[in-house]
Amino acid sequence: MNEQTDRFGRHIDYMRISVTDRCNLRCVYCMPKEQQQFLPKTMLLTTQQWEMICKAAIEMGIYKIRITGGEPLLREDIVALVERIANIKGIKRVVMTTNGVLLAQKANRLQKAGLQGVNISLDTLDRMQYKILTKRDALADVQKSIAVCQEIGMPVKINCVPVGGLEKQDYLQVAMLAKQYPVAVRFIEMMPIGAGAKYQPIQNEIIQKQLTEIYGLWTQMHTEEIGSPAVYWENENFLGKIGFISPRSHSFCHACNRIRITAEGKLKLCLHHPADGDLKILLENGADTTQIKQYFAQKIWQKPKDGHTTDEKRPMWRIGG
Ligand code: SAM
Ligand code: SF4
């Protein structure tokens, strides 16, 4: 197996694939408009195309693939897609980021298909606040999904984005899930992408202080996840742990190990830079695995040094986070 390195010496071993741009929530900082213009279904990559892309990526050193969206569970073939990817020789981790609304009904099948973990996005545990934040009354469905994952032994991380200026969002309460369950609750600073640019990030240092005032002493853990930007803390009264992902206050570009592919097959080498390639066109022109690998290698070498300014005009739901 190859190891892919960019011109700044960063090893690229993680790929995030956004398998649809559609979503069943309307989060205020991501997809605030009720009526959206989505890609025509014919533009979305097919299961077979995803399998080819993932195979090539894995053969050139990608070991972890995260399936995201839009909302990935809206894809009717999601279980089959997970299964195809999980069965590619050389893959070590297949995980998913989801809003969790449809997860309870699919978790078991996804696990059997080879899904090894889910990041569930959840910004509040208050039903009314959830409705304000997502425009849908679906908190109970997400809570059920978390419970089902616990029952079947599907590893869960909770991603919580504190929204500055939204007075009543009790994001600190979300930390309670890590008290109750052996899960990681990660606070992610709002990024100025799409509708997120309208909201102030709440610095993770502030949240950490608030958590210390409420729950007492936290001890920093050694991160077991190579290439993960999360910094984890533990507390003796918690079954799980608390993580902080701080793209605004602590840049992690120097250690970036990831590339992204959008639902229509655009290659993104950096979250903050516009797309740098088109895998759909390559596939439609008949490229085989060797040619896709060559394309990846050539593009990865050009990965931008950092994303300190955002030139990307796509909203987050068209990137996948
Ligand atoms: N629909 C799925 C979900 O919500 O988990 C997957 C796609 S969503 C775009 C992935 C993640 O991006 C979510 O955790 C969401 O909270 C986060 N996100 C969206 N806009 C953001 C922003 N402007 N800054 C930081 N995170 C953002
Ligand atoms: Fe949908 Fe996820 Fe964006 Fe919310 S954050 S609107 S769930 S894509």
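## Helix H1 and its two neighbours

A crossing of two helices is called left-handed if the near helix is turned anticlockwise from the far one by less than a right angle, and right-handed if it is turned clockwise. In this predicted model, the crossing of H1 and H2 is right-handed. The axes of H1 and of helix H2, which covers residues 78-86, come within 9 Å and cross at roughly 25 degrees. Because angles under 35 degrees count as roughly parallel, H1 and H2 are therefore described as roughly parallel to each other. On the H1 side the residues that meet H2 are Thr-47, Gln-48, Trp-50, Glu-51 and Cys-54, and their counterparts in H2 are Leu-81, Arg-84 and Ile-85. Sorted by class, the residues of this contact of H1 with H2 divide into 4 nonpolar, 2 polar and 2 charged.

Helix H1, which spans residues 47-59, also packs against helix H10, residues 289-301, at an angle of about 60 degrees and with the axes 9 Å apart. The crossing of H1 and H10 is right-handed. From H1 the contact takes in Met-52, Ile-53, Lys-55, Ala-56, Ala-57 and Glu-59, while H10 contributes Thr-289, Ile-292, Lys-293 and Phe-296. The contact of H1 with H10 holds 6 nonpolar, 1 polar and 3 charged residues.

## Helices H3 and H5

A further pair is formed by helix H3, residues 103-113, and helix H5, residues 139-152, whose axes come within 8 Å and cross at roughly 25 degrees. That angle makes H3 roughly parallel to H5, and the crossing of H3 and H5 is right-handed. Leu-103, Ala-104, Ala-107, Asn-108 and Gln-111 of H3 make the contact with Lys-144, Ser-145, Val-148, Cys-149 and Ile-152 of H5. By class, the contact of H3 with H5 has 6 nonpolar, 3 polar and 1 charged residues.

## The sheet

Strands of a sheet pair through backbone hydrogen bonds, either parallel or antiparallel. Here 12 strands form an open sheet with mixed pairing, and their order is E7-E8-E9-E6-E5-E4-E3-E2-E1-E10-E11-E12. The edges of the sheet are strand E7 (219-220) and strand E12 (277-278), each of which pairs on one side only.

Parallel pairing is found between strand E2, residues 64-68, and strand E3, residues 93-98, which are joined over 4 bridges. Within E3, Met-96 is the residue that stands opposite Ile-67. Strand E8 is joined in turn to strand E9, residues 241-245, by 3 bridges, and E8 and E9 run antiparallel. Tyr-232 stands opposite Gly-243 in E9, and a hairpin of 6 residues connects E8 to E9.

## The surroundings of ligand 2

Ligand 2 is surrounded by eight named residues, which are Cys-23, Leu-25, Cys-27, Cys-30, Met-31, Gly-70, Asn-99 and Trp-317. The shell around ligand 2 divides into 6 nonpolar and 2 polar residues, with no charged residue among them.

Note on methods:
Residues are numbered from 1 along each chain as its sequence is written. Chains are lettered from A and ligands numbered from 1 in the order in which they are written. This is a predicted model: local features need pLDDT of at least 70, side-chain atom pairs count only at pLDDT 80 or more; totals for chains, interfaces and linings use all residues. Side-chain values use heavy atoms; hydrogens and water are left out. Axes are lines fitted to C-alpha atoms, for helices over the stretch in contact, and angles run from 0 to 180 degrees between N-to-C directions. Contact means heavy atoms within 4.5 Å. Ala, Val, Leu, Ile, Met, Phe, Trp, Tyr, Cys and Pro count as nonpolar, Asp, Glu, Lys and Arg as charged, and the others, Gly among them, as polar. Angles under 35 degrees count as roughly parallel, over 145 as roughly antiparallel, 65 to 115 as roughly perpendicular and the rest as oblique. Two strands pair if DSSP finds at least two bridges between them. A residue is near a molecule or strand if one of its heavy atoms lies within 4 Å of it.
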